[in-house]
There are 6 protein chains.
Amino acid sequence: MRVTVSRKAHFNSAHRLYRKDWSMEKNNSVFGKCNNPNYHGHNYELIASVTGEIDVETGFVLDVKILKNIIKEEVEDAFDHKNLNLDVPEFENLNPTVENIAVVIHKKIKSRLASNLDLEVVLYETPRNFVTYSG
Amino acid sequence: MRVTVSRKAHFNSAHRLYRKDWSMEKNNSVFGKCNNPNYHGHNYELIASVTGEIDVETGFVLDVKILKNIIKEEVEDAFDHKNLNLDVPEFENLNPTVENIAVVIHKKIKSRLASNLDLEVVLYETPRNFVTYSG
Amino acid sequence: MRVTVSRKAHFNSAHRLYRKDWSMEKNNSVFGKCNNPNYHGHNYELIASVTGEIDVETGFVLDVKILKNIIKEEVEDAFDHKNLNLDVPEFENLNPTVENIAVVIHKKIKSRLASNLDLEVVLYETPRNFVTYSG
Amino acid sequence: MRVTVSRKAHFNSAHRLYRKDWSMEKNNSVFGKCNNPNYHGHNYELIASVTGEIDVETGFVLDVKILKNIIKEEVEDAFDHKNLNLDVPEFENLNPTVENIAVVIHKKIKSRLASNLDLEVVLYETPRNFVTYSG
Amino acid sequence: MRVTVSRKAHFNSAHRLYRKDWSMEKNNSVFGKCNNPNYHGHNYELIASVTGEIDVETGFVLDVKILKNIIKEEVEDAFDHKNLNLDVPEFENLNPTVENIAVVIHKKIKSRLASNLDLEVVLYETPRNFVTYSG
Amino acid sequence: MRVTVSRKAHFNSAHRLYRKDWSMEKNNSVFGKCNNPNYHGHNYELIASVTGEIDVETGFVLDVKILKNIIKEEVEDAFDHKNLNLDVPEFENLNPTVENIAVVIHKKIKSRLASNLDLEVVLYETPRNFVTYSG
C-alpha cells in the first residue's frame, strides 16, 4: 500500500530573474519587471510529498516530524529571509526561476530520503503561480 | 527535467444543466435544481498546468505571462460574465456540466501550446466540487 | 462577556445588474459587463456573525446549529440555484448588487434573532470582492 | 474522455496514536505527544476524486450528489464527532495514523463505486499535513 | 497612529461539550453529538490581534516574534495535543465551548501584554465556525 | 445604510528592516534576520475596505472597478516587483515594517476617495502576519 505523505512549509526571499551574461536590454525583454536590479520578493509556499509503503508497525510512511525537520534544515534555514541570488550558493550561476528553485529543493530533500521513497515538490511563488517537479 | 507550471484564473458565469431534447420532467429528475430555467451561476476557478522541459537559457518551461495571456484570450474573454448556455457557442448543443466545460477549456488552451507541452486543467465549480482533465 | 459567533455558508446564483427604468445604453455605461441581459453568476460566500452575552449555563452565545438553520431557511433555500432578478421577490425592484444583497440578507436573518443579539453580515461575491453590513 | 470528479468533505474526530502491544515508553518515543492517553483531535478535510468516462447523455462522470451521499454515509456518519480509537471498529486494532485512515476511507468509498471508476483519496489531518492514496 | 498587529497560530485538541451537573439525557438534548463521552476534536486556528501605537523608532506596534512567543507559551504549549476537558485546568469546571475557549485565551494573552495594548481573539473551531472576543 | 465594500489585491516586493542611523549590531538585535543587507521579500496581500452610504440609484457604495483602479495606481504600480527601501520614495527614511507600509497605503488610497468615505487597510506580510489600519 503506497501512500503519499505531504507537508507544507514556507520561506520568504528576495530574488531577481536575469542572466549575468546577457545585456540589461535582453534581460528586460525576457524577464520584464522580474529583472529589477534592486530585487523583489515572495512568500514561497512549499509542499513536499513523499511516497512509500506504510510501515505496518507504526502506520507511518515516514514520521512527518522527520520530513518537517529535513525541510527546515535543507530549505528554510537555507532560503528563508535570504536573497536567493546573493545568499544561496546554488543560484550563483543559476537563474532563480520558480522552476529552478523547485529542482534545487527537490535535489536537496531527495538526498536526505531513503532511496525507496519518491519525492514530489510543489512550489508556489504566488498564490496564483506554482510549479511541480517529481525528479 | 520536466517541470509543470501552473497558473490560476477565474471567471463568473451563469449556466443551466439540461438537454433540449429531454422533457422538463426528465431534466428535473436528472439535474434537479441545476435545471432552473432562469439559470444559476458560479465563480469558476481554473488551474491550467503545462508540463515540459526547462529551457536551460531562461530557466522557464514557458513564461507564465504567455500562459496568463492564453487563458485570458481563450477562457476569460470567452466565458467571464457570460451565460454559458446562451452566449458561448461551444455549449449551444453541449450540456455545460463542469466536466464538459473542463474538456472545452482544455481543447482551447491546448490548441495554443507547442505540441511538446502537456496540459492539465483543473476546474472548480464551487470550492467543494471540481474536476481534472488531462486530454 | 459579549462574544461574536460566526457561521459561514454559501449559495450559487445568477444575477444581472441593471435598472428597468434606464436605457440599455445607460445600464451598460454604469454596470458594464455585469449588465449582460443573459445574466452571469457567482458562488456567494456568506459569514453571519451574531454578538451577545455568553449563556453561563451552556457556554453558548447561541447554538451554532440554530444559526445554521436560520441561514438555511432565510438565505440558502431562498437564493441558492436561483436567478436573483427573476426568482427572488426582494429583487424584483431592487438592483442585486452585492451591497443590496447583503442588506436583504441582514434584514432576513435579523428578524429571526432575539432582539438583544447584534448581527453583522459579510458577503463575498468573489474571493476578491466582498461587503460588510451591520444594520 | 476520462475526467476526474472531486468532492470535498470534512469530519471532526478525536484520536490517539499508539499500539496496545507496546509499552507507554515505546509509544511515547515513537508517537510523542500524539500518544496523549486522553486523546487530541483534528478537523479532517477529505477530497474524494473519482475518475471515469464522461456519460455523453448527461455530461457527468457521476452525479456529484451521489458521491456526496456516499461520503456522508461511509465517512461522515461513521467518523464525525467520534473517537476514532474507541468508536470506529476499523481502528480497534489499527493505529489511526492519517495514512491508515486514508486507506480505510478509500476501501469504504471504493466498495460503493462501479468497478470501472477509479478513486483517489486525499486526507488533510491539518492544513499543513495530508496524505494521498489511490488504492 | 493606532495599528492592529495580528498573528495566526493553531492547536489540535480533543474536547467534549457537557456539564457534569446535568444528566446524560439533558447534555444530549443541548449538546447533541458534541457530547460524545469518548470526545471528538478539532484543529483550532487562532488569530490574536494586538492594537497600539506604532513605535516611531522601530516602526513596530510590537515585535511579532514577541506575540508569537506569548501565543506559544500561553496557548500552544497549554492546549496543543491535549484533551481540553481532562488536561487543561481552566476547563475543569468550565464547558469548553469555542466561546469559553476564546475567553480563556484572551485572558491568558492579555495578562502578558502591556496595559496600553488592546487585544482581540478570533478562534476558529472549524473553517465554518468561529468566534471573536475583545474583552 | 452604511455598507463596507472590500477589494483584495497583491504585490510582490523586497525589503529590509533597519535604521540607517543605527549600527549593524543594533539593527540585528532589534530586527534579526529581517535586517539581511541583501534583502528578503514577501507577497503582500492587501484588503482595502471603503465604508459609505449605498447610492439608491445604482445600489453601489462605490463601483468596485474604481476602487480596483485606485489600488492599481497607488499601490500595485508603485510597489509591485520593487525594492521598498530603494525604489519607493515613501520608505527612503521610513522603516518598511508592515505597520508603516499599511499607514502609507492608507494615506495614498484615502487621498483618492471622496471625503465622506471611510477607509480601512488590512495588509498581510505573510499568511500568518498581518496588520489593520483605519486612519
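How much area do chain B and chain A bury between them, and what percentage of it lies on carbon and sulfur atoms? Chain B and chain A bury about 1,500 Å² between them, with 54% of that area on carbon and sulfur atoms. The model is predicted.

## Chain B against chain A

A rotation of 120 degrees, with 0.0 Å of shift along its axis, superposes chain B on chain A at an RMSD of 0.0 Å. That is the relation of a three-fold axis.

Contact between the two involves 20 residues of chain B and 17 residues of chain A. The count of salt bridges between chain B and chain A is 0, while 8 residue pairs are in polar contact, both residues being at pLDDT 80 or more. On the side of chain B that touches chain A, strand S1 (2-15) and helix H2 (64-79) of chain B each supply at least two residues. S1(B) gives the most, with 7 residues. By class, that side of chain B has 10 nonpolar, 4 polar and 6 charged residues.

## Chain F against chain A

Chain F is laid on chain A by a turn of 180 degrees and a shift of 0.0 Å along the axis, with an RMSD of 0.0 Å. The two copies are thus related as by a two-fold rotation axis. The same surface serves both copies, as 100% of the contact residues of chain F recur in chain A.

Here 24 residues of chain F are in contact with 24 residues of chain A. The two chains bury about 1,900 Å² between them, 45% of it on carbon and sulfur atoms. In chain F, the residues that lose the most area to chain A are Asn38(F), Asn43(F) and His81(F), together 31% of what that side buries.

The rule finds 4 salt bridges across the interface of chain F and chain A. Glu45(A) forms a salt bridge with Arg128(F), where the closest N and O atoms are 3.4 Å apart.

Elements that give two or more residues to the side of chain F that touches chain A include strand S2 (40-53), helix H3 (84-87) and strand S4 (118-126) of chain F. The largest share, 5 residues, comes from S2(F). By class, this side of chain F has 5 nonpolar, 12 polar and 7 charged residues.

Conventions
Residues are numbered from 1 along each chain as its sequence is written. Chains are lettered from A and ligands numbered from 1 in the order in which they are written. This is a predicted model: local features need pLDDT of at least 70, side-chain atom pairs count only at pLDDT 80 or more; totals for chains, interfaces and linings use all residues. Side-chain values use heavy atoms; hydrogens and water are left out. Copies are superposed by least squares on the C-alpha atoms of residues with pLDDT of at least 70 in both. Contact means heavy atoms within 4.5 Å. Buried area is the accessible area (1.4 Å probe) that two parts lose on being put together, summed over both. A salt bridge is a side-chain nitrogen of Lys or Arg within 4 Å of a carboxyl oxygen of Asp or Glu. Helices (H or I, at least four residues) and strands (E, at least two) are DSSP runs, numbered from the N terminus. Ala, Val, Leu, Ile, Met, Phe, Trp, Tyr, Cys and Pro count as nonpolar, Asp, Glu, Lys and Arg as charged, and the others, Gly among them, as polar. A polar contact is a pair of N or O atoms within 3.5 Å; within protein, one must be able to donate a hydrogen and the other to accept it, and residues adjacent in sequence count only if both atoms are side-chain atoms.
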